[in-house]
Amino acid sequence: MPVAIVRGDGDSIDYIPSADVAAGDVIVQGDLIGVAAIAIPAGKLGALRVRGLFTVPKASGTAITA
């Protein structure tokens, strides 16, 4: 019988930023959007939350389309 190996919970992905990332920063990578739950120093492995509910302020002068 095949044995499954759990690789993650699907709620977050690994991320190594080129510049410091603050907790709460929204990071866009291609078609994927993630939120840093904690600060991630430049060049260090961290994680982006890609699943859940977030409140994000809308920048003035921008439009949000469906």
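A strand here is a DSSP run of E residues, at least two long, and strands are numbered from the N terminus. By that rule, Asp 14 belongs to strand β1. The model is predicted.

Start with the sheet. Four strands make up an open sheet, in the order β1-β4-β3-β2. Their pairing is antiparallel. Strand β1 covers residues 12-15 and β2 covers 26-29, and both stand at the edges. Each has a single partner strand, so one side of each lacks a neighbour in the sheet. From one strand to the next, the twist averages 45 degrees. As background, strands in a sheet pair through backbone hydrogen bonds, in a parallel or an antiparallel arrangement.

Strand β2 pairs with β3 in the antiparallel sense, over four bridges. Gln 29 stands opposite Leu 32 in β3. The two strands form a hairpin, with two residues between them. Gly 30 sits in that turn and has a positive phi of about 65 degrees.

Move across to the next pair. Strand β3 spans residues 32-36, and β4 spans residues 46-49. These two strands are also antiparallel, and two bridges link them. Val 35 is opposite Arg 49 in β4. Ala 36 is opposite Leu 48 in β4.

Asp 14 has 61%, so it counts as exposed. Which residues does Asp 14 contact, once neighbours within four places in sequence are left aside? They are Leu 45 and Gly 46. Leu 45 is 31 residues from Asp 14 along the chain, yet their C-alpha atoms are separated by 6.7 Å.

Finally, look at the segment before β1, where Asp 11 lies. Asp 11 touches Leu 48, Arg 49, Val 50 and Arg 51, not counting residues up to four places away in sequence. A polar contact of 3.4 Å joins the two side chains.

Methods. Residues numbered from 1 in each chain as written. Predicted model: local features only at pLDDT ≥ 70, side-chain atom pairs only at ≥ 80, totals over all residues. Heavy atoms only, no water. Pairing = 2+ DSSP bridges. Axes fitted to C-alpha atoms, helices over the stretch in contact; angles between N-to-C directions. Buried < 20%, exposed > 50% of the residue type's maximum accessible area, 1.4 Å probe, protein only. Contact = heavy atoms within 4.5 Å. Polar contact = N/O pair within 3.5 Å; in protein donor to acceptor, adjacent residues only side chain to side chain.
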